[in-house]
Amino acid sequence: MNIRFAKLAVASAVLSVAGLAVAADPIKIGVSGPFTGGSSSMGVSMRDGVRLAVEEINKSGGVLGRKLQVVERDDEAKNERGVQIAQELINKEKVAATVGYINTGVALASQRFFQDAKIPVMNNVATGSVITTQFKDQPDNYIFRNSANDSIQAPMIVEEAITRRGFKKVAILADSTNYGQLGREDLEKALTAKGIKPVAVEKFNIKDVDMTAQLLKAKEAGADAVLTYGIGPELAQIANGMTKLGWKVPMVGSWTLSMANYIDNAGPGGEGARMPQTFIQLGDTAKRKAFIDSYLKTFKPKNNRIDSPVSAAQGYDSIFLLAAAIKQANSTDGPKIREALENLSAKVEGVVTTYDKPFTKDDHEAITANIPVFGEVKDGKVVYAYDTDMKKGGETRMKQAKAKK
């Protein structure tokens, strides 16, 4: 009998140790973005912001007594690669959630697998307006976002160009990707709302290096400003093309005009470009200063300038939002995390904003139109375009009760 009890005690101890081992397993979070190629300044900055957040959380004891572990994958800004990664993160890595997506097309192609698997996705950079409503016909939506979508940015761009600066004839230059063409549609809607029709609407492809044809059409149509939707390398070619033609009109475009590979490749020709920004690399609050200092110390970017400050900041915040949801859910179960995100009780202090009930069941957008400000390229970096915004930079711009449509 004693032998039997001894065996039971040993078995019980083994099971207890095994249970502790399971409990101590890290919580895996997928991180998908382009870490190489033309979109990499956004992808790497986002990834590094995520790494900082994970390090901070783990130093503080993790979540539910477990460390967070990021599983990083380079989607190369390719839809098909994004699809492969999504399936790998779900089926092999067994992630509890995933963050990332820089490119709208990759998000739309990939996130359906997470939706089917009931695993939350936090889009922290991609801005295509349809991203969070792709599955609006389904009972539960697992797609969230903490970046400023294009239905926010496009009206801001038009307001800046038409109302604030008084341009009368604007041309639109947008790339041929989902991002560029959906953004173009949003721009045209915003212009129509003001009774304005663009004098030229031109398209270009990723990796195009000569924008002469598109720019000549805009010039001949009498454009006094160019509105853009694209990413850094091609946007730089627009600025450089203007310089070659000896025709310089202001560029006002989506937030991607802040990318390092626009600023550096365009050089002096890129100065003055303006774009909506949720985050500008200026330590105007203690939280932002600590984040910027930590980023610069850890990753040592060129000229002490984060390649894509917006991507880094939103990547950082996305992890804290997920961590808060996992803690509240007291679980890594996808449906429970989704429900917690939709009903977050704790405020989450980020570097973009403080998130106070950022999501509901019907609203998966953390950012509303009052949060972004206009940035401007000046002396090789992005600064506040308006002194009034800079003076209020230390004030936290909180989400409005209802998102502006």
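## A network of charged side chains

Salt bridges link Glu160, Arg164, Arg165, Arg274 and Glu376 into a network. The model is a predicted one. In total, the structure holds 24 salt bridges. Three further pairs are described below.

## Arg145 and Glu365

Arg145 and Glu365 form a salt bridge through their side chains, with an N to O distance of 2.7 Å. Arg145 belongs to strand β5 (residues 143-145), while Glu365 sits in the loop between β12 (354-355) and β13 (373-378), so this pair ties together parts that are 220 residues apart in sequence. Both Arg145 and Glu365 are buried.

## Glu159 and Lys194

A salt bridge also joins Glu159 to Lys194, and their closest N and O atoms are 2.9 Å apart. Glu159 is in helix α5 (residues 150-164) and Lys194 is in the loop between α6 (178-193) and β7 (200-204); the two residues are 35 residues apart, and the pair links distant parts of the chain.

Are these two residues buried or partly exposed? Glu159 has a relative accessible area of 33%, so it counts as partly exposed. Lys194 is partly exposed as well, because its relative accessibility is 35%. The category runs between the limit for buried, under 20%, and the limit for exposed, over 50%.

## Arg338 and Glu342

Where do Arg338 and Glu342 lie? Both are in helix α12 (residues 334-342), four residues apart, which is about one turn of the helix.

Arg338 counts as buried because its relative accessibility is 9%. Glu342 has a relative accessibility of 6%, so Glu342 also counts as buried.

## The protein as a whole

The protein has 13 helices and 14 strands. Its radius of gyration is 23 Å; a compact globule with 405 residues would have one near 22 Å, so the value agrees with that expectation. Along the principal axes, the C-alpha atoms fill a box of roughly 100 × 40 × 40 Å. Of contacts between residues at least 6 apart in sequence, 69% join residues at least 24 apart.

## Surface and charge

Of the 405 residues, 56% count as buried. The protein exposes about 17,300 Å², and carbon and sulfur atoms supply 52% of that area. There are 54 positive and 46 negative side chains. The centres of these two sets lie 3 Å apart.

Notes
Residues numbered from 1 in each chain as written. Predicted model: local features only at pLDDT ≥ 70, side-chain atom pairs only at ≥ 80, totals over all residues. Heavy atoms only, no water. Salt bridge = Lys/Arg side-chain N within 4 Å of Asp/Glu carboxyl O. Buried < 20%, exposed > 50% of the residue type's maximum accessible area, 1.4 Å probe, protein only. Rg over C-alpha atoms; globule rule 2.2 N^0.38 Å. Contact = heavy atoms within 4.5 Å. Areas by Shrake-Rupley, 256 points an atom, 1.4 Å probe, with all protein chains shown as cover. Lys, Arg positive; Asp, Glu negative; His and termini not counted. Charge placed at Lys NZ, Arg CZ, Asp CG, Glu CD.
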